[in-house]
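Me: Hi! I've got a structure open on my screen and would like to walk through it with you. Can we start with the charged contacts?

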Amino acid sequence: MARAKSSAAPLTKLYLLGGFRLERDGKILRLPRRKVEALLAYLALFPHEHTREKLAALFWGDSTDADARTSLRVALTNLRTALGENLLLADRETIELNPEFPLWVDALEFERAARAESSVENYNGELLPNFYDEWVLEKREALRELYLETLLSLAQRHRAAGNYAEAIGSARRVLETELSNESAHQQLMFCYAQSGDRSAALKQYAECKKILAQELGVEPSPETEQLYQRIKSSPISSPTLTTELTNLPLPLTSFIGREKVLESLQALLATTRLLTLTGPGGCGKTRLAIELARREMNRYLDGVWWLDLAPLSDAASVVDILMRTLGVQAASRQDALDCIVNSLRHKRLLLVMDNCEHVLDACAQIAEMILAQGPQTQIIATSREALNISGEIGWLVPPLSAPRLDAANLASLENIAAFESVRLFLERARATRPDFALTRENALALVEICVKLDGIPLALELAAARVRGLSVQDIAAHLDDRFRLLAGGSRTALPRQQTLRALIDWSYNLLNETERMVLRRVSVLVGTWTLDVAQGICFEGDGQDEIELWQELPHLVDKSLLNLQETGPRTAYRMLDTIQHYARERLREKNEEAKTFDAHLAYFHDLARNAHPKFFAAEQMRVWQELNAVTENLRAALDWALVRATRDPARVQRGIELADALCPFWIMNSEFVEGLRWMNLAAHLARNTFPLLYAQALFDTGVLYFHFVDRQAAYPVLEESAREFRTLGDTWNTARAELYLAFGEFERGKRAAAEQMWANSLQELNARGDMPSVARLRGWQARAARYAGEYARAQELNAQSVELFGQLGDEFMRAYQLNMWGTAAYLDGDFEMAKRCLEESIAFTERNQFRKVYGAALFRLGLVAWSERDVARAENFWKESLRILHRLSALHDVGEDLASLALVAEQKQKWREAALLWGAAESAGIASKYHDRVREPNAYASGQANVRARLGAPEYEALWREGKALPPEEAIQSALAI
């Protein structure tokens, strides 16, 4: 719809609170019917597009569709006639109020300024009394609740500042609307007592008790009862009455989880006089401080006093609010702090100073003076950073616990619901939508929300509020745009706590310019990273090396914008996901994104390229560990070069070179799926631009497929790679490709051709001094000999390969080849040699978490145990192998374990389970009948025949088909349960 420009028309005022009234220039405007009034109110309160169909059904749903649409057209004409043609934007399908039409609406004004004290004056009564449409009732209740929340918030603010008369006024207005509001009764009891009117406080309790019984049939809460008992036991007109109470805020929501955290904090409070709770905005510092102080209240004879420093605009105001809260009088501002210190000198008292970060110096000075002169006074402070004074214990508030996104944590809804972040989300969501529940359908999305929002309570509460209009799946899907999604929090909260963006804006604006620049630039780093990495990226070619990053990063840690990760001898840092999203937005705003991501790519490109040759030498384990520590950043660099920045050939080239350098790393980590994804993308991007890189990417892709035991996919790619290398005249890389292709010739029955190809390759590789490839070639020759049944020769060739890899220092490939040697020895009947080779392979691969080689060695040890008639030991090996290999999506290897465990089931006379597992093994891709690994292949055939005979052919076939259709997870669980 085109936006109609309104002329300088006079302002129209629409009053909906307390009754419908329409005014312009002081004159009342009349609309012909209540339905027309209701339609205008609806369009004003929900200022966005609405379909004609929805509006017709909403207001004239008891009419036929044709009559309803006619009534809608007439009502719209009435509105235009009364208010002007520019009032509406409409087309054949949709209608909305023109946002440029000069219309003031009292209910919207109240909503916009709900936190301000003046906003309650706009609330002149319930929304549209005498209107009973469902949407009116819902909106009426929402505005009423907002009005009460605002009044209670104002009462709390006045109370915390010692302005008891104003607090009493706000609380009484709550009771005028909702007589049974217990929070308002509590506020009045406290404020009357604080003002010296003990009788009024006790009378308020009696009134509260009576009203709760009459209207709700309940007793006062324990908090109200405790407050009553303290007031009742205080001497009449006692000058110390005020010190026996507290002005702690009365939270409007329940406290979720963190029981162990509170226990730790209570223990710390017993050992220190200044405990500062630090952490990023929204992590729950304030709520935790309230709960901690409430639990410790009985330890302080002279009270627990709350200082809300968030609204303060300057440091001088800290002294003012402290004076009002403690009831201290001073002749002048110069004497004020001394008077405060003197008043606390002999008191056993707890001060809670909330939100210190923007007046940090003043808070530190005041806290130091109070603690020095008042030996029985203790302080709890909350701040984005510690006060940094002597004797302080700074305690970083942890995020709420959240499940990991893995199968174990998602196994049951009960497991998921036990985590603190999930509990908070569920409770806050139910406050918005009472029927909301955790289900199998929304569990994964809910966990994703909790993880991506870092367990930050405020972010979770903002997300939970969205369930009113969005599914959990929709919320999770839009978290990349979280700063727009998570807006519109409680209108009675501080402005910076109403949206996720405002929350972090507050912290960012407290930084100096250097700190802001560092935060922006390190936001391109993901996972954990070290000072050296940050230095290489932040100031690469920027002429800013004079900035001491080793000083700036700890500043960001102190201000809760970076997390410190103690993971070994080097200090590591990590940024919360939400703060990282924010900092990257700032990076884009400063036009620094491309430069910083390019520096990130260059750093990790060089790191991986330098590591690549060392993967085949004595430094293998060091570079493997080095790259493992930065895996997430390697992915991010690839994503920038090969996905996000593909219009720049230089970036693409670096990305392809990076992917090529990581190929041995992916093989060692059994990350075949990830490696293939990147290498296929690299080959696609290199195809018409970088001929040599294209050939190399094809070669890497083929090698990954080969190790993934998908040789049908590997050979065509390797053949194309060899053709490309030949075209380029690259004889060395052609020989490397043919090393693998020769094995394909052997598998097709062309052994002579294969041996000739290996011989040709060997000549070229020796001439080049490429001993890693020579060692691999011997390994493939050994496997071919094993396939041919020449087990003694296979052992000899494997021994040569193992020795060569040992000389090079390539321990990973040595362990891999020991696996092959063990298999050949087993097939040759030399069980002792087989066990020695396999156990040596296992000792290395288990220690270094090389899962595929480790899992395969366990499988082969199971075969040895089976041949030695040790069924129980074979079963243990195969089950452990299955647990490891199924996580790698290595279907062929998983299938071998399933088929072998079917043999175990047959031995245990579990006929049905055996039939199911043989079907599942077939589904997993077992077609080779174990010709290259199993010494007694007839065991499988005879086992199947026995099970078929026991069950009968029809039942066996039915169970076999059922097993073949089983999802992999179920098949694996069945195998592990035999």
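**Salt bridges, strands and patches**

Reply: Happy to. In this predicted model, R384 and E357 are joined through their side chains in a salt bridge, with 4.0 Å from N to O. R384 lies in the loop between strand 11 and strand 12 (392–396) and E357 in the loop between strand 10 and helix 14 (360–373), so this pair ties together parts that are 27 residues apart in sequence.

Me: And are R384 and E357 buried or exposed?

Reply: Both R384 and E357 are buried.

Me: OK, how many salt bridges turn up in the whole structure?

Reply: A search of the whole structure gives 45 salt bridges.

Me: Which parts of the chain does the one between R851 and E671 link?

Reply: The side chains of R851 and E671 meet at 3.4 Å, N to O, in a salt bridge. This pair links distant parts of the chain, 180 residues apart: R851 is in helix 40 (residues 851–867), while E671 sits in the loop between helix 30 (663–668) and helix 31 (672–686). R851 counts as partly exposed at 29% relative accessibility, and E671 is partly exposed too, with a relative accessible area of 27%.

Me: What about R883 and E880, where are they?

Reply: They are 3 residues apart in helix 41 (residues 871–885), so about one helical turn separates R883 from E880. Their salt bridge has its closest N and O atoms 3.3 Å apart. R883 is partly exposed, with a relative accessible area of 33%, and E880 is partly exposed at 31% relative accessibility.

Me: Switching to strands. How many residues of strand 10 are buried?

Reply: Strand 10 (residues 349–354) is mostly covered, with 6 of its 6 residues buried. Both of its faces are covered: on one side are L349, L351 and M353, on the other L350, V352 and D354, and all of these are buried.

Me: And which sense does strand 10 pair in with strand 9?

Reply: Strand 9 (residues 304–308) pairs with strand 10 in the parallel sense over 5 bridges. If you want a spot to look at, L307 has M353 of strand 10 as its bridge partner. Strand 10 is also joined by 5 bridges to strand 11 (residues 377–383), and these two run parallel. There, L350 stands opposite Q378 of strand 11.

Me: Remind me, what holds paired strands to each other?

Reply: Strands of a sheet pair through backbone hydrogen bonds, and the pairing can be parallel or antiparallel.

Me: Thanks. Why would you call strand 8 largely enclosed?

Reply: Strand 8 (residues 274–278) is largely enclosed by the rest of the structure because 5 of its 5 residues are buried. L274, T276 and T278 point one way, L275 and L277 point the other way, and all are buried.

Me: Which strands does strand 8 pair with?

Reply: Strand 8 pairs with strand 11 in the parallel sense over 5 bridges, and T278 has S383 in strand 11 as its bridge partner. Strand 8 also pairs with strand 12 in the parallel sense over 5 bridges, where L275 has I393 as its partner.

Me: Last topic, the surface. Which residues form the negative patch?

Reply: The negative surface patch is formed by E49, E53, D65, D91 and E93. E53 has its place in helix 2 (residues 52–60), and E53 is exposed, with a relative accessible area of 60%.

Me: And which residues form the nonpolar patch?

Reply: L405, L444 and V451 form a nonpolar patch on the surface, and together they have about 250 Å² of accessible area. L444 can be found in helix 17 (residues 443–452).

Key
Residues numbered from 1 in each chain as written. Predicted model: local features only at pLDDT ≥ 70, side-chain atom pairs only at ≥ 80, totals over all residues. Heavy atoms only, no water. Patch = residues over 30% accessible without salt bridge, like charges linked within 9 Å, V, L, I, M, F, W, Y side chains within 5 Å. Areas by Shrake-Rupley, 256 points an atom, 1.4 Å probe, with all protein chains shown as cover. Lys, Arg positive; Asp, Glu negative; His and termini not counted. Charge placed at Lys NZ, Arg CZ, Asp CG, Glu CD. Helix = DSSP H or I, 4+ residues; strand = E, 2+ residues; numbered from the N terminus. Buried < 20%, exposed > 50% of the residue type's maximum accessible area, 1.4 Å probe, protein only. Pairing = 2+ DSSP bridges.
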